[in-house]
There are 2 protein chains.
Amino acid sequence: MNRYVRPNIAKMAGYVPGEQPQHAKFIKLNTNENPFPPSPKVAEAIRQFSAERLTRYPDPTAASFRTAAADRLGVPSDWILCGNGSDDILTICTRAFVGEGERVRFPTPSYILYRTLAEIQGARWEAVPFRADWGLGDDFGSSVGDLKLAYLPNPNSPSGTWIEPNRVLELAEMLPCPLIVDEAYADFTGDSCVSLVSRCEKMLVSRTLSKSYALAGLRFGFLVGQPSMIAELAKVKDSYNCDMISIAAATAAILDREWLAENVTRVVTLRESLADRLSHLGFDIVPSRANFVWCTHPERSPRALYEGLKERGILVRYMEYEGWGAGLRISVGTPEQQDVLLAMLAEIV
Amino acid sequence: MNRYVRPNIAKMAGYVPGEQPQHAKFIKLNTNENPFPPSPKVAEAIRQFSAERLTRYPDPTAASFRTAAADRLGVPSDWILCGNGSDDILTICTRAFVGEGERVRFPTPSYILYRTLAEIQGARWEAVPFRADWGLGDDFGSSVGDLKLAYLPNPNSPSGTWIEPNRVLELAEMLPCPLIVDEAYADFTGDSCVSLVSRCEKMLVSRTLSKSYALAGLRFGFLVGQPSMIAELAKVKDSYNCDMISIAAATAAILDREWLAENVTRVVTLRESLADRLSHLGFDIVPSRANFVWCTHPERSPRALYEGLKERGILVRYMEYEGWGAGLRISVGTPEQQDVLLAMLAEIV
């Protein structure tokens with residue numbers, strides 16, 4: 001046991017991200033990356049970037065990106081805070097709002113990072129179960145004295161389910177603390193809580209370019225909130241948290257609306273096909289609004305299916321939630337990848 | 001007053017980095033950036049980077065960089081933790097070691113970010129004055145029960161002074177907690193504490209590519225520590241804190257040892273020339289081991305000099321330390337920039 005680190009750090013296991021094999025050739029459907037390459041405008045922005053500029057520090061406010069994102073989202077640019085991926089945004093919010101021993105809340109089963117963020121901060125956490133229909137009851141909005149932050153992934157992972165924005169607003173209004181609506185997958189729904197931020201100071205919406213913009217490797221995310229919140233959160237971020245190349249590439253990406261619309265259409269079509277074909281193989285699937293499908297099989301253990309696929313060169317995400325159960329979260333792949341996946345599954349089930 | 005953020009955040013002013021004008025044309029000698037462009041190998045790595053790869057997450061361990069850095073530094077690669085700039089490294093260490101209400105220590109005058117990191121964490125801080133010769137007495141190593149982390153910039157900013165590694169080791173051994181030796185400028189000294197890390201678990205050495213590698217815009221830094229420390233700190237970092245392009249570019253940079261040696265020689269030569277010429281203008285200067293010079297003038301206020309230079313299109317860093325005084329920190333520039341600076345100063349003083 002390391003005697004120098006805080007006890008909360010020493011005793012935690014640490015977040016384990018989905019497998020990222022760096023060399024072996026897998027069909028990789030385990031971390032909800034986009035199956036297609038990013039906008040050609042991104043490649044162009046990187047190609048045109050002059051490395052000589054790197055000798056200077058980047059713009060600490062990432063103004064060029066904020067202007068472009070503000071225009072796309074219909075909010076002023078001082079309602080936007082940029083981050084080194086939306087993980088950075090979630091970290092900044094946790095550090096700004098939650099003191100040691102105070103409490104955070106998130107639904108379960110959902111994104112497992114929220115618990116890790118609470119553990120790093122030395123905070124307590126409360127997991128509110130989704131209802132059987134993947135909705136949330138009023139208990140998610142209930143007031144507890146030391147509750148300082150609530151996280152709500154929408155669409156949710158692993159289920160891919162969606163809570164209507166008006167219901168999210170109701171929950172935000174009930175809560176005694178800020179609510180971060182984690183919209184990592186929202187571009188795939190065609191809907192968002194961004195337009196509700198102006199109606200409730202407590203509502204914060206985080207977005208990422210990792211999924212719908214196919215830029216997981218770039219690390220770029222952002223938060224939309226009222227300026228009174230953004231100004232406080234800016235104190236907590238590292239001054240230069242976004243580098244020059246990623247600001248240039250992310251700006252190019254968000255300006256290419258046509259690419260986004262086409263990519264979302266392709267991914268959604270493939271998701272529907274994936275869900276149908278999994279159903280035909282006897283899987284129980286949850287209707288998804290994201291770029292992945294959550295499924296279980298009435299006769300096969302998800303662990304055995306995960307391992308069977310891995311042996312055949314296909315990575316999907318096996319997830320197990322204490323007191324709830326396990327399942328497979330399968331990311332949308334290219335048509336060819338999905339054909340291989342389904343063929344392999346047909347052998348195993 | 002925002003009622004949702006922690007009181008320590010609400011009451012803090014927030015770190016103010018050196019001015020980074022994004023459009024106006026200044027001769028910029030205020031944030032210790034390298035006056036020369038980075039290695040051509042960096043430009044090549046960026047040019048050869050395929051944007052299609054960005055659809056995947058980066059390697060969370062940045063193994064390619066760690067292997068290259070381990071080879072350069074003569075330590076095993078599991079002694080290295082990569083960060084999104086060394087600010088990220090300093091943040092990770094603060095979060096891992098220091099609980100709310102616990103204490104950190106740093107010398108003064110030194111890097112003003114350390115205090116900000118303590119404030120964000122809700123920690124207390126203790127500033128130990130440098131002696132008149134810019135050495136540190138044994139009080140810097142004294143044991144206090146709730147002291148959880150000490151920071152020591154070496155070379156120091158703003159003074160550019162250097163404490164011999166053996167003295168740093170003595171201080172580390174006295175301290176009850178880890179000591180981060182912040183070696184942002186160490187490449188300009190030709191010396192380092194890295195080789196002492198194996199002799200003391202408490203000694204951690206942070207490095208950045210922002211200064212000697214001319215890559216401030218890239219955001220890449222790293223920490224050298226014993227594996228028992230690195231493993232704990234890895235739990236606190238964001239999983240994907242370094243993006244793919246910066247890993248590729250940073251790896252290319254650290255492999256180009258010839259470029260580094262030449263750049264350091266050029267910068268050190270220019271620093272000596274800058275110091276000499278400032279002396280001739282009547283400035284009191286502190287002999288520097290970094291890429292900047294700290295100076296005061298017996299008859300002119302540093303504030304007036306800073307403003308006079310800014311009016312003339314030259315940015316230097318005006319710094320004022322409570323209970324200690326003020327001065328100018330002037331970064332090494334190109335020969336042409338230094339000529340303009342000295343000509344302007346000759347007009348003002």
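Reader: What percentage of the residues in chain A is buried?
Author: 53% of the 349 residues in chain A are buried. Buried takes 20 or more other C-beta atoms, placed from the backbone, within 10 Å of the residue's own. This is a predicted model: local features need pLDDT of at least 70, side-chain atom pairs count only at pLDDT 80 or more, and totals for chains, interfaces and linings use all residues. Residues are numbered from 1 along each chain as its sequence is written, while chains are lettered from A and ligands numbered from 1 in the order in which they are written.

Reader: What is the radius of gyration of chain A?
Author: 20 Å, which agrees with the value near 20 Å for a compact globule with 349 residues. The radius is taken over C-alpha atoms, and the globule rule is 2.2 Å times the number of residues to the power 0.38.

Reader: New topic. Which domains is chain A divided into?
Author: Domain 1 (7–37 + 258–348) and domain 2 (40–255). The bounds come from an automatic or database domain assignment. Their C-alpha centres lie 23 Å apart.

Reader: How many residues does each domain of chain A bring to the contact?
Author: Domain 1 brings 27 and domain 2 brings 24. Contact means C-beta atoms, placed from the backbone, within 7 Å.

Reader: And chain B, how many of its residues are in contact with chain A?
Author: 68 residues of chain B, with 68 residues of chain A.

Definitions and conventions
Buried ≥ 20, exposed ≤ 12 C-beta atoms within 10 Å, placed from the backbone. Contact = placed C-beta atoms within 7 Å.
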